[in-house]
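Open the model in your viewer and keep the selection tool ready. The stops below are meant to be taken in order.

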Amino acid sequence: MKIIILGVAAGGGLPQWNCGCIHCNNARSKYNILAAQTQSSIAVSADGTHWTIINASPDIRQQLINTPCLHPKELRHTPIASVILTNGDIDHIAGLLTLREKQAFSLIATSDIHNLLACNPIFSALDPDKVTRKTITLGAAFSPSPGLNATLFAVPGKVPLYMENEENTLDTAMIGEQTVGVYLEAEGKKACYIPGCAAIPDDLQAQLHHVDALLFDGTVFHDNEMQESGTGHKTGRRMGHMPIAGECGSLNVLKDLDIKTKIFVHINNTNPIWQADSEERKSVERAGWAVGYDGMEVSL
Ligand code: MLT
Ligand code: MN
Ligand code: ZN
């Protein structure tokens, strides 16, 4: 199995268009202080020929240009057999509109996530004669591209921002079909991709025990880092993302998992792990985690 991180940044990317925080400014600097990173997506393949994209980011056009194995091999062609969605967030679905040019592929998601697309007529730009929408039940195995097996499983999360209702009734860690992780298996190798996760209950932790690689939600390091940096008023948890730090953070909760390859993805532009010399980055690396980057490849 080969996984390519097409985009490692959270919604907005690095830099985010309207953000003048130090990380965004560094990523805009002509001195290349930080490499710019595109929005949340991976590509995965079992045979190196047929590929599955997980999440269609608003940056997918550039991501495909940057990734030769995803270029057309004929006059009109794509190596992309399917696109899986892990939630209905804008950073994971807006790129579908780029994939509208009468090209066949399977669009795979839970019923709830498909319903979000169905409610919005702009997605009818994906010609139903070409783009087959496949609804997957949680826990049911399916094959998104030749040789690759996958399962979707619920992870705590919330509805997309554009579907949020009253603040006081919003459940930011609901378990259902709105937010899922993807379990991937090919030739006995196993990986999990979880770009959004509000918490890790015991049964979710148990699922992760035997994977060879985990790509996990690294949106924020500190739950309150947007408030602290003055860039926003929401906490990570309010956005449906558990922090990396703290007793209930991913570093601590996942510390006993025996997984060789652990990579943070979906990293918000405020996260201090972007900076190679930050204490936060060092603490993540000491714990055996890598900070993902656009173009990073994992071969299993
Ligand atoms: C998230 O991951 O929290 C969302 O992508 C936020 C957003 O829609 O901007
Ligand atoms: Mn996101
Ligand atoms: Zn920023």
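The tour goes from a metal ion to a ligand and then to a neighbouring side chain.

This is a predicted model, in which local features need pLDDT of at least 70 and side-chain atom pairs count only at pLDDT 80 or more, while totals for chains, interfaces and linings use all residues. Residues are numbered from 1 along each chain as its sequence is written, chains are lettered from A and ligands numbered from 1 in the order in which they are written, and side-chain values use heavy atoms, with hydrogens and water left out.

**Stop 1: the metal.** Select the manganese ion, ligand 2; its protein donors are Asp91 (OD) and His266 (NE2), 2.0 to 2.1 Å away. Donors are N, O and S atoms within 2.8 Å of the metal (3.2 Å for Na, K and Ca); water is not among the atoms, so sites may look incomplete. Are Asp91 and His266 buried or exposed? Both are buried (under 20% relative accessible area, with a 1.4 Å probe and protein chains only).

**Stop 2: ligand 1.** Now select the residues around ligand 1: Asp89, Asp91, Met239, His241 and His266 (each with a heavy atom within 4 Å of it). Display distances from oxygen atoms of ligand 1 to polar side-chain atoms: 2.9 Å for Asp91 and 2.8 Å for His241.

**Stop 3: Thr219.** Select Thr219, in the loop between β11 (213-217) and α6 (225-229). Helices (H or I, at least four residues) and strands (E, at least two) are DSSP runs, numbered from the N terminus. Thr219 has 2% relative accessibility, so it counts as buried.

Note on methods. Buried < 20%, exposed > 50% of the residue type's maximum accessible area, 1.4 Å probe, protein only. Polar contact = N/O pair within 3.5 Å; in protein donor to acceptor, adjacent residues only side chain to side chain.
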